[in-house]
Amino acid sequence: MPTAIAVTSADLVLPAPDRHTPGAAVLRPPGEADLEGALAETSALLERHGHLVAVVPPWLPPATVRRLHTVRAILETDRIALLDVDLPPLGTAVLVRQLRQLTVTDFSPGVIASAARLLSHYVHAGALLGTVAKLDRVPVGLKAHARSWSPSARFAVLAHPTPHLARLAPTGSAGAELPPGPGFATHLTFARGSLSSDWVTAELAPAWQVQGVMENPLPADSAAWWATPKLVEFAAAIPDLSVLYQLVASVRREECRWCGFELIGDRCGFCAAPLAAPPPEAPARTGTRSRSRT
């Protein structure tokens with residue numbers, strides 16, 4: 001069976017792009033399952049799939065993160081990878097879908113886990129916001145803060161890969177600089193909050209020349225991440241498995257010096273050890289004086 005991809009919320013599992021892409025396991029948080037249940041759930045996944053790659057976004061409650069690490073420690077296994085992914089919620093869901101696509105290839109679990117860092121660089125994630133008054137994910141100037149009090153205010157915000165913020169004109173994007181888009185073929189996924197606007201599909205998608213557009217429900221954590229429920233979140237990413245495969249395959253594979261898994265990039269996805277060993281510390285110098293010359 002393919003390597004299992006796991007998330008901590010069902011709304012991070014987007015519909016499969018084809019009939020070959022498997023779903024993702026949803027690990028229940030501490031409030032829904034006790035430790036014994038979490039251990040049984042994870043053990044069953046390992047028995048069925050061999051390896052488990054779990055995506056751990058930074059907005060998770062500390063208790064959920066502790067549970068994940070506790071389960072891995074109690075099971076005493078090196079077959080669980082906990083990936084720190086710093087993307088907005090919808091962008092995270094798109095990355096999870098890409099990892100699910102890669103599990104049907106001949107890549108080893110170590111390569112799939114370490115590919116998350118590579119693929120995240122190619123995800124363009126942002127949102128159309130009705131206010132940026134409380135937004136702390138991208139730099140927000142004083143003028144933008146002041147303009148947020150206008151009921152008709154609209155802001156185009158790109159959080160990743162390069163922060164960008166622009167205020168849109170009341171009737172659309174005229175007079176504002178659109179967020180810089182990807183220079184490669186992508187599909188655009190978007191999700192509506194309480195903001196009523198077709199800007200993403202009518203303005204952004206044509207400007208970014210995306211090959212397709214898909215709407216999905218808004219992840220539960222999106223409003224908190226963007227600091228407002230008045231939003232339309234979007235994420236553009238590479239949809240084609242053959243392109244994803246070529247991208248990952250083009251990177252040199254190494255063997256982790258700590259756990260032995262294959263990896264790409266500079267860090268192992270399973271044990272988080274860096275590819276290169278840290279330089280040895282210089283020996284402490286004594287305080288003795290050098291002899292004077294005679």
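Guide: Helix 1 lies across strand 1, strand 2, strand 3 and strand 4, and runs at about 130 degrees to strand 3. The angle is taken between N-to-C directions, from 0 to 180 degrees, with axes fitted to C-alpha atoms, for helices over the stretch in contact. Helices (H or I, at least four residues) and strands (E, at least two) are DSSP runs, numbered from the N terminus. This is a predicted model, in which local features need pLDDT of at least 70 and side-chain atom pairs count only at pLDDT 80 or more, while totals for chains, interfaces and linings use all residues. Residues are numbered from 1 along each chain as its sequence is written, and side-chain values use heavy atoms, without hydrogens and water.

Visitor: How do you know that the span of helix 1 agrees with its 15 residues?

Guide: The expected span is 1.5 Å times one less than the number of residues. For residues 35–49 this gives 21 Å, and the end C-alpha atoms are 21 Å apart, so the two agree.

Visitor: Which residues of helix 1 are called buried?

Guide: Buried means under 20% relative accessible area (1.4 Å probe, protein chains only). Gly37, Ala38, Leu39, Thr42, Leu45, Leu46 and His49 are the buried residues of helix 1. Among the elements they pack against is helix 2 (62–75), with contact meaning heavy atoms within 4.5 Å.

Visitor: What makes strand 2 and strand 4 edge strands?

Guide: Strands pair if DSSP finds at least two bridges between them. Four strands form an open sheet in the order 2-1-3-4, with parallel pairing. Strand 2 and strand 4 each pair on one side only, and are therefore its edges. Strand 3 and strand 4 pair over five bridges.

Conventions: Buried means under 20% relative accessible area, exposed over 50%, partly exposed in between (1.4 Å probe, protein chains only).
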